[in-house]
Amino acid sequence: MAKSILLLTTLLFISLSVQAQGDPELGKIKTPSCGFCHSPAAYSNNPSYPKIEGQDANYLFMAMKSYQNDERKGALAAMMKAQLQHLDDADLRDVAAYYSQKENR
């Protein structure tokens with residue numbers, strides 16, 4: 001039983017890691033609208049906008065998917081959904097890879 005749980009946990013971790021792998025160079029090309037709020041350097045002086053540089057790629061991917069699926073709520077959720085509506089999973093993986101590689105300031 002414990003072996004099965006360990007195997008399932010390992011497979012889940014691997015699937016999550018693979019899920020958000022993307023191409024950071026393609027991600028850079030796909031992020032021009034992100035810069036209006038998060039700035040081109042991926043950080044913002046406005047406390048309403050989260051700092052996304054250096055965040056885990058899986059976290060960023062899942063956050064963007066949550067906005068697309070109306071699972072995230074808040075004052076900026078509708079704006080985020082509108083910004084992300086034309087991006088598919090591959091695009092989101094690329095964007096996540098790009099921002100995850102930027103240094104946290």
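A disulfide is a pair of cysteine sulfur atoms within 2.5 Å. Keep that cut-off at hand for the second stop.

The model is predicted, so local features need pLDDT of at least 70 and side-chain atom pairs count only at pLDDT 80 or more, while totals for chains, interfaces and linings use all residues. Residues are numbered from 1 along each chain as its sequence is written, and side-chain values use heavy atoms, with hydrogens and water left out.

**Whole chain.** Start with a cartoon view. The protein chain has six helices and zero strands, where helices (H or I, at least four residues) and strands (E, at least two) are DSSP runs numbered from the N terminus.

**Cysteines.** Select Cys34 and Cys37. The sulfur of Cys34 lies 8.9 Å from that of Cys37, its closest cysteine sulfur, which is too far for a bond. The structure holds zero disulfides.

**Largest pocket.** Next, show the pocket surface. On a 1 Å grid over the protein atoms alone, a pocket is an open set of points where a 1.4 Å probe fits, with protein on both sides within 12 Å along at least five of seven lines; lining residues have an atom within 4 Å of a point. The largest pocket holds about 480 Å³ of space, a volume being the space filled by probe spheres set on grid points joined across faces, edges and corners. Select His38, Pro50, Ile52, Tyr67 and Met80: of the 26 lining residues, these are the closest to the pocket's centre. Then colour helix 3 (35-38), helix 4 (57-68), helix 5 (77-84) and helix 6 (89-100), the elements that each give two or more residues to the lining.
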